[in-house]
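Dear colleague,

I am handing over the structure below, and my notes on what was found in it follow. Please read them with the model open beside you.

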Amino acid sequence: MGRAATASQPVLGLVVTAGPAAGLRASKQSARFVTGRRKGLGFSVPDSAVSERHAEVSWNGSAYVLKDIGSSNGTLHNGVSLLEGQTKVKS
């Protein structure tokens, strides 16, 4: 994840750690972005194992939230799988 620049405008970050896009990084000053294979999302990952709309990263004012939004292959956070709709929060 990333660090908050301010409580209202966090800097959210994402790093791909495996697969053909390993090493790809992105950060955005935003309270929310969607990641997936589809171009035009907040963070596009060119990997066939990634769904077109895969996960959402957001800042709820006090913690980062990662939510699987219906991915085909699931979402991992630090090697731990999230089920569809589950969230992982990190402050």
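Which residue in S9 stands opposite Tyr 64? Tyr 64 faces Lys 90 in S9, where strands are DSSP runs of E with at least two residues, helices are runs of H or I with at least four, and both are numbered from the N terminus.

Before going further, please note that this is a predicted model, in which local features need pLDDT of at least 70 and side-chain atom pairs count only at pLDDT 80 or more, while totals for chains, interfaces and linings use all residues. Residues are numbered from 1 along each chain as its sequence is written, and side-chain values use heavy atoms, with hydrogens and water left out.

The strands

The chain has 0 helices and 9 strands. An open sheet of mixed pairing is formed by 5 strands in the order S4-S3-S5-S6-S9, two strands being paired if DSSP finds at least two bridges between them. Strand S4 (43-44) and strand S9 (87-90) are its edge strands, each pairing on one side only. Strand S6 (residues 64-68) runs antiparallel to S9, and 4 bridges join the two.

The largest pocket

The largest pocket holds about 750 Å³ of space. A pocket here is an open set of points on a 1 Å grid over the protein atoms alone, where a 1.4 Å probe fits, with protein on both sides within 12 Å along at least five of seven lines; lining residues have an atom within 4 Å of a point. The lining of the largest pocket comprises 26 residues, and Leu 14, Val 15, Val 16, Thr 17 and Leu 76 lie nearest its centre. Strand S1 (11-15) and strand S7 (75-77) are the elements that give two or more residues to this lining. By class, 12 of the lining residues are nonpolar, 12 are polar and 2 are charged.

A residue to look at

Asn 78 lies in the loop between S7 and strand S8 (80-82), and its phi is near 50°, a positive value in a residue other than glycine. Most residues other than glycine have a negative phi. Asn 78 counts as exposed because its relative accessibility is 69%, the cut-offs being over 50% for exposed, under 20% for buried and partly exposed in between, with a 1.4 Å probe and protein chains only.

The chain as a whole

Buried residues account for 35% of the 91 residues in the chain.

With best wishes

Definitions and conventions. Points joined across faces, edges and corners; volume = space filled by probe spheres on them. Nonpolar A, V, L, I, M, F, W, Y, C, P; charged D, E, K, R; others polar.
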